[in-house]
Amino acid sequence: MWHPYTQEKTAPPPIGIARGRGVWLETEDGRRILDGTSSWWVNIHGHAHPFLNAALAKQAGELEHTIFAGFTHEPAVELAEKLVAILPEGLTRIFYSDNGSTAVEAALKMAYQFWQNLGEERKTFVALTNAYHGDTFGAMAASDASAFTKPFASLLFEVLRAANLEDIERIFLESSKEIAAVIVEPMLQGAGGMIIWKPEFLSGLRALCDRFDVLLIADEVLTGFGRTGKMFACEHAAVSPDIICLSKALTAGYLPLGVTAATEKIYAAFLSEDRLKTFFHGHSFTANPLACAVASASLELFKRENCLEKIAFINRKFTTRLPGLLELNCVKDVRIIGAVGVVELVSETDGYFANIGQNLYQEFLRRNILLRPLGSVLYFMPPYVISEQEIDWVLDEITEVLTGIDG
Ligand SMILES: *Cc1c(COP(=O)(O)O)cnc(C)c1O
C-alpha cells in the first residue's frame, strides 16, 4: 500500500488498528491508544457508536446506493431537511458530493459558473494566507502555497492572497468586478497551523462582500458540527455565507460525504431553458444513502447527547489548564477555540517539517496518545465523548512531555 502524507522510505511501519471504542483505538496487538486527533478531525461521537452502527445497518438492509441524477431517496431528503434547519440562514440548497475537497471544488465551480450564467466574466478568487482547502487541484489553488502544493504550482490557477480585511478591501476597490468569490475557513484555519481568527474578521468580510457584491464561500469542512463551540463557525459572527462546504464530522467520521450548500440566489442562476446553464458536476457516490443515513443519525445524537454542552465543558478544561504551559520556555503560544486546544512550540525550523513535531508524535504514541502535530503546532482535538478523566490524563501527559523538553 501507499499511505497518505507518508514518506514510505523512512516512515516506521503503520500501526494496525483492529477496533475502535469511544475515544480509544485498539491495536492488533492489544494496545489502547487515545484518539486525540478525532481520526483526522472527523470523529465526534466516538468510534463504533451503537446508535450510529444501528442506523448504518438498517440503511444497508434497505438500499446501499443508487444513482442521484434523475433519482432521489429518503436518506438524502431527510438529511437535506435536517441540514437546512440548522445551517446559517439562507443556505437552502444542498448539493452532495463525497469528501471535503470535492465539497470545495463544487463550491468554487458553483461560484464561477454563477457569474457566467448571469452574463458576467469574473475569473478570480480571493483566499487567505495559511489557507488549506484540500488536495484536489481547485482546492490546492485556493490553499496557500506550501510544500504540499509546490510540485504542482505551475498547474494551479492564480488566486489573490489576502492576510486581513485591509488586503481584501484593497483588492475589491481595484477589481471587485473580476472577483467571483472569497473563500475562507471561518474562525479556525486548520492544516495551515491551527490559527484562530476574531469574529470581527468574519463580520467585516461579510460586510465587504455585500458592499462590493462578491460571493462568500465558507469552508466549514473542519469547523462544522460544533468543533469551534458553535454548530457552525459562521455563527460566532452571526453571518451567512453564500456557499458553505461541509464534510469531515458530517457523518461523525463513519463514511465519506460532502455537502456544498448554497442560497436560493445562487441556485436560481442555474435555472434556465438553456441547458448550458446546468451545473455539470457530480460523483459516482453523490448522496450515498449509507453515508446520508449515518449523517442524519449523527445529527440526532448531537441533540440527544447535548454535544454543544460537552464541547463547552472540554473548552473550560482547556481554558483552565493550557494557559499555564506558557510558563515553559519551549511554549510560544497557547490558543483555544471550542473543542480544540493548541500549543505552539518554539522551534528552529518553522512549518510542517519542524522536527519537533515528529518527535512529539512518537513520544505521545509511546504514551498511548495519538497527537499529530502540524510541525511545531501541537493540538488536541478529541471526539466530544471524551470523559473528564481522559481529558485530564492527556493534559497531564502533555504537561509532563513539554516540561521534559524544557529540561
Ligand atoms: C480537511 C479539509 C478539507 C479537505 O477535506 P478532505 O475530505 O480531506 O478532502 C478542506 N477544507 C478544510 C478546511 C479541511 O480542514
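**Ligand contacts and an open sheet**

A polar side-chain atom of Asp219 lies 2.7 Å from a nitrogen atom of the ligand. This is a predicted model, in which local features need pLDDT of at least 70 and side-chain atom pairs count only at pLDDT 80 or more, while totals for chains, interfaces and linings use all residues. Residues are numbered from 1 along each chain as its sequence is written, and side-chain values use heavy atoms, leaving out hydrogens and water.

User: By class, how many charged residues does the shell around the ligand have?

Analyst: The residues around the ligand (a heavy atom within 4 Å) include Trp41, Tyr132, Glu185, Asp219 and Lys248. Asp, Glu, Lys and Arg count as charged; Ala, Val, Leu, Ile, Met, Phe, Trp, Tyr, Cys and Pro as nonpolar; the others, Gly among them, as polar. Besides 4 nonpolar and 5 polar residues, the number of charged ones is 3.

User: Which residue of β15 is the bridge partner of Leu34?

Analyst: Strands are DSSP runs (E, at least two residues) numbered from the N terminus, and two pair if DSSP finds at least two bridges between them. The open sheet is ordered β1-β2-β3-β15 with mixed pairing; β1 and β15 each have a single partner strand, so one side of each lacks a neighbour in the sheet. Strands β3 (residues 32–35) and β15 run parallel, joined by 2 bridges. The partner of Leu34 is Ile369.

Technical notes
Polar contact = N/O pair within 3.5 Å; in protein donor to acceptor, adjacent residues only side chain to side chain. Helix = DSSP H or I, 4+ residues; strand = E, 2+ residues; numbered from the N terminus.
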